[in-house]
Amino acid sequence: MNILDSLKADLLAAAAAAPDLAALEEVRVDALGKKGRITGLMKDMGSLTPDERRERGQALNAVKEEISLALDARRQVLKAEALAQKLEAERIDVSLPARPEVEGRVHPISQTVEEMIAIFADMGFTVAEGPDIETDFNNFTALNIPPEHPARQMHDTFYLPNGPDGDTRVLRTHTSPVQIRTMLAGEPPIRIIAPGRTYRSDYDQTHTPMFHQIEGLVIGENIHMGHLKGTLLEFCRAFFQVDDLPLRFRPSFFPFTEPSAEVDIGCSRKGGELKLGNHGDWLEILGCGMVHPKVLENCGIDSTRWQGFAFGMGIERVAMLKYGIPDLRTFFEADLRWLKHYGFVPLDVPSLAQGLTR
Amino acid sequence: MKFTLSWLKQHLETDAPLDVITDKLTSLGLEVEGVEDTGKALAPFVIAKVLSAEKHPNADKLRVAMVDTGTGGPIQVVCGAPNCRAGITVVFASPGAVIPATGDTLKVGAIRGVESRGMLCSERELNLSDEHNGIIELPEEAPVGASFAAWRKLDDAVIEISLTPDRVDCAGVHGIARDLAAADVGTLRPLNTAPVPGVFPAPVKVALETAACPQFAARVVRGVRNGPSPQWLQDKLTAVGLRPISALVDITNLMTMDQVRPLHVFDAAKVRGDLTVRDSKAGETLLALNGKEYTLPAGLAVIADASGAVLSLGGVMGGESTGVSETTTDVIIEAALFEPAKVAEAGRALQIDSDARYRFERGVDPATVVSGIEQATRLVLELCGGEAGEVFVAGAEPAWRRPLTLRPARVAHLGGVDVPEADQLRILTALGFETSRKDGLIHAVPPSWRADVQGEADLVEEVLRIHGFDAIPTTSLPRDEGLPKVAVTPKQRRTATVRRLLAGRGMLEAITWSFLAPETAKLFGGAPEELALLNPISADLAIMRPSVLANLAAAAGRNAARGYADLALFEVGPAFRDGSEKGQDLVAAGVRAGLAVARHWAKGTRPVDAYDAKADAIAALEAAGAPTANLVVSTDAPGWYHPGRSGCLRLGPTVLARFGELHPAVLEALDLTGPLVAFEVFLDVIPQPKKKGGTEKPKLELSAFQPISRDFAFVVEAEVEADRLVRAAKGADKALITGVQLFDVYQGPGVETGFKSIALSVTLQPVDKTLTDVEIEAVAAKVVAAVTKATGAVLRG
């Protein structure tokens, strides 16, 4: 075995045995560094003949190449080992809880109103508003409820001190004054809904002194009671997400509509559990009717040309039905547990395109 | 309004079963609220005879009775009734029967060691009356073994309907029958209103001195006997929840419930001279038939006699002093009309609810004064005997005929359903309208009992109601060409955005009352007197809220009391400045309480502070489209905030939002423990972003050169607001400086007492070339100069 072979064997063994990258580097310097053993042999070639030098050069290069490869291979192995060791040292307990993030909720009333807007918007309605403190005229008189009318007793009205012009001020007992405001402010055709706070002096298991209603008003030249039925049927089926939900229209009385109707939706109460659908039993959900000609005339609208319908619905009531919320009074208690349970995730914006309710 | 099926059938000839009748009532607008099949509840009870009744061996007050129930041998029953004795006919319940009064199921039992296989019942146990002194004793002839309910004609149904205020004509069974007949459920039986001849001249005259009573009929009947009314009448009244009193009183109640014709009967012996109907004078008193003494305000319609004393409240309630009793022999029957508004006023003023008031205030048929007194006379003569005098009528029947017209095509145009003209005519005629056809129109005069029918729309409703709302075809609303327009205004949209943004920031949306206690309102700046409810439902809900925060803070306190002290609540709702239309502001307000960061392994906790509320307010403003870069903070938040830890966010003079810790005194008054921070964002005053026609955003200008940043540490007097340094630095070179971050505030060793160190990082964005060191130094010098000039701060050495 010549000296070259033994050098090669030596260096390969040293590379293979290097325990870490520093030791490997020492092997490299020992072999290929400026003062390395192979480098030294290269330098010694000056004393050789050209033929010898070529032969020797080739042999040395081959060894150099082989050593380089061996060093690289060993380096990869050692690097991988070192990384593995480092990563092992960095291990964390991934079962620890993530950093806390508090999630908020949207109140069921707000969500329900947005659902209603999504449906009615698709039918071409826009959203109108009015103040909570109303005049007696807008809340009653213009709606064909004269002062002595017994219907005023159906509304347990909250009164406020008179305004400067002597006008009686009330907390609106329904959202119907928004009908008046809309008709006084604009010309037919009209197609609006008006959700909002309403107030009546009543406080028990099924009444709260403040609650929410949504009003609807459609005025046109040929709007008839069939359209009222169609609008409410389409709304109720979309809102409650029951395709075959039946509606029943019963004659009723409201001073501001003629004819007037109350609307029931189909349900079942079997076993004390309320279920909506075509099950033979009925549940009242709203009042409606064709706008009384006097109401149109009170708002300066020619009742011989224009006609239409109006409806009013309790928002808590339909929210309770849709979402199985058992107690009306809890809506206004701001109980954190209730808000978290019945509230809605902020990104769940209702739309008809993506579905009303997740 | 309650009535029985058998009562209805006295007015309506029909074979229709109960469920057909009740369904039809609801579809006519006479909504059935309940049907109580009394026959069903009483079905287990049979007529039986007590064969023997011996003293119980172990109890003095009990008896052991052997009872013949008509089936098999005698049955042993232990009975505690004092009237239990051999020979009487009784009502027997066998084991398994449910006792109506208690709902208990009867079982075979042993009472004090003696077996009892049934029960003998009292009236109270069967819900027939309050009588419970003994068991029911039936007449000798009652057939043993037969159904008690059938024998007493109690196998009936009680129907309860809810009446809308316009349908007072159906506050009597006859009116209900008329509606059903018009809807083809049967044939209406006519009433007998034929006059009863008077056999002596009217001895009592009536003078009308008030417009509140347009017509008054009085009739004296002499020689009556006023005992209990016959069983059929008592049963009728009992079935609908009225207490039988005496024949004369029961007759007036029958006329009320049957004909919507309230009446009154005076004991003629207790009335002095003629009657006068007049307005009450303030301070007059009346002991009414309900046993209560009333002091009258001026101006109510009252009936007085020659003594001047008030005998009765017109249309509301009679008086005790002239009431009939068992010893009454001569009576004055009153049938009158009273103005609905007047009756309502009297009822409200004195808080009297009566069946008469209910009907009069909704409008009693003006054509029934004379016919009603004739019907009443016939009943009095029939049940109490006596002889009737002539009728004295004061005033006249008010005009009630209103000729109306109906264009037959109007039914389809308004109602959306074709009803043949002949059917329209038939329906109106069946309801009592006088109808005729002329010039293509239906001419219809509403009957006297339908004051609610005032115009063509009402006629359409009558036709549709009887024809059935179910028959109206459902039609979709006509749609505009193309897509529907945007449904919400920009303001409504941004309100919805703010709501979802705040929820997204971890806050729970609450909805709290719009009103609160006046003391609480005072803590939040107070509300003017014009916002105080005149008739609050409670002292806690007596005035409109001047701020949304008060009820939210209280809610935070309630949650803390339940063990949930760390929470964030918000509400988007109204706050009120005054009672005018413009006095209501839409506010997004929120509170955060307890820990801002919950206890956690990864980092320390911290309580909420004013900066949390500031961040909420700015985020809400940002979501609402406010130009938040231009906001200025001022330290003049109102008094319910901590004076040193609160601020207003202003755009020029306009306050868009307020934030900060709540004042400790407010917390204490609300019984809250802090810290509690709050914000209020005024959504109405946020300017709408200007729209310049299109939807394009401004062109994005990207610089090819890297931004560089330079840090500066300034020392400045401690009370100088940090924001002033930031603004000064920003303004030092508007072309190059694109951002200033305040990244440190320090007070302590190394900084003189009364001063603080503020560190700013200023970002420079070169536009057209890389900045040289000289240029950078020049900008830095400008920054230092501007900050020093504006605030007196010096660069920290």
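Author: In this predicted model, the domain assignment divides chain B into domain 1 (2-39 + 157-188), domain 2 (44-151), domain 3 (206-395), domain 4 (404-470), domain 5 (490-685) and domain 6 (708-795). Between the C-alpha centres of domain 4 of chain B and domain 6 of chain B there is a distance of 85 Å.

The buried residues of helix 5 of chain B are B:V173, B:H174, B:G175, B:I176, B:A177, B:R178, B:D179, B:L180 and B:A182. After helix 5 of chain B comes B:D184, which has a positive phi near 65 degrees.

Two helix pairs deserve attention next. Two packed helices are described by the angle between their axes and the distance between the axes. For helix 7 (residues 247-259) of chain B and helix 10 (residues 369-384) of chain B, the angle is about 140 degrees and the axes are 10 Å apart. Helix 7 of chain B is therefore oblique to helix 10 of chain B. Their crossing is right-handed. On the side of helix 7 of chain B, the contact is made by B:A247, B:L248, B:I251, B:M255 and B:Q259. Helix 10 of chain B contributes B:G372, B:Q375, B:A376, B:L379, B:V380, B:L383 and B:C384. An α-helix has 3.6 residues a turn, so residues three or four places apart point the same way.

The second pair consists of helix 14 (residues 490-504) of chain B and helix 17 (residues 610-623) of chain B, which pack at an angle of about 145 degrees with their axes 9 Å apart. The crossing of helix 14 of chain B and helix 17 of chain B is right-handed. Here B:T497, B:V498, B:L501 and B:L502 of helix 14 of chain B meet B:D616, B:A619, B:A620 and B:A623 of helix 17 of chain B.

B:I686 lies in the loop between strand 37 (676-682) and strand 38 (708-717) of chain B. B:I686 counts as buried because it has 21 C-beta neighbours inside 10 Å, and the cut-off for a buried residue is 20 or more. Leaving aside residues up to four places away in sequence, B:I686 touches B:L621, B:A624, B:G625, B:A626 and B:L656. From B:I686 to B:T654 the C-alpha distance is 8.9 Å, although 32 residues separate them in sequence.

As for the partner chain, 69 residues of chain A are in contact with 77 residues of chain B. Elements of chain A that each give two or more residues to this side include helix 5 (108-122), strand 6 (210-220), helix 9 (225-240) and strand 8 (257-268). Helix 9 of chain A supplies the largest share, eight residues.

Chain A has twelve helices and eleven strands, and its C-alpha atoms fill a box of roughly 130 × 50 × 45 Å along the principal axes. Its radius of gyration is 43 Å, whereas a compact globule of 358 residues would have a value near 21 Å. Of the 358 residues of chain A, 44% count as buried. Among the contacts in chain A with a separation of 6 or more, 65% join residues 24 or more positions apart.

Definitions and conventions: Residues are numbered from 1 along each chain as its sequence is written. Chains are lettered from A and ligands numbered from 1 in the order in which they are written. This is a predicted model: local features need pLDDT of at least 70, side-chain atom pairs count only at pLDDT 80 or more; totals for chains, interfaces and linings use all residues. Domain bounds come from an automatic or database domain assignment. Helices (H or I, at least four residues) and strands (E, at least two) are DSSP runs, numbered from the N terminus. The radius of gyration is taken over C-alpha atoms; the globule rule is 2.2 Å times the number of residues to the power 0.38. A residue is buried if 20 or more other C-beta atoms lie within 10 Å of its own, exposed if 12 or fewer, and partly exposed in between; C-beta atoms are placed from the backbone. Two residues are in contact if their C-beta atoms, placed from the backbone, lie within 7 Å. Axes are lines fitted to C-alpha atoms, for helices over the stretch in contact, and angles run from 0 to 180 degrees between N-to-C directions. Angles under 35 degrees count as roughly parallel, over 145 as roughly antiparallel, 65 to 115 as roughly perpendicular and the rest as oblique. A crossing is left-handed if the near helix is turned anticlockwise from the far one by less than a right angle, and right-handed if clockwise.
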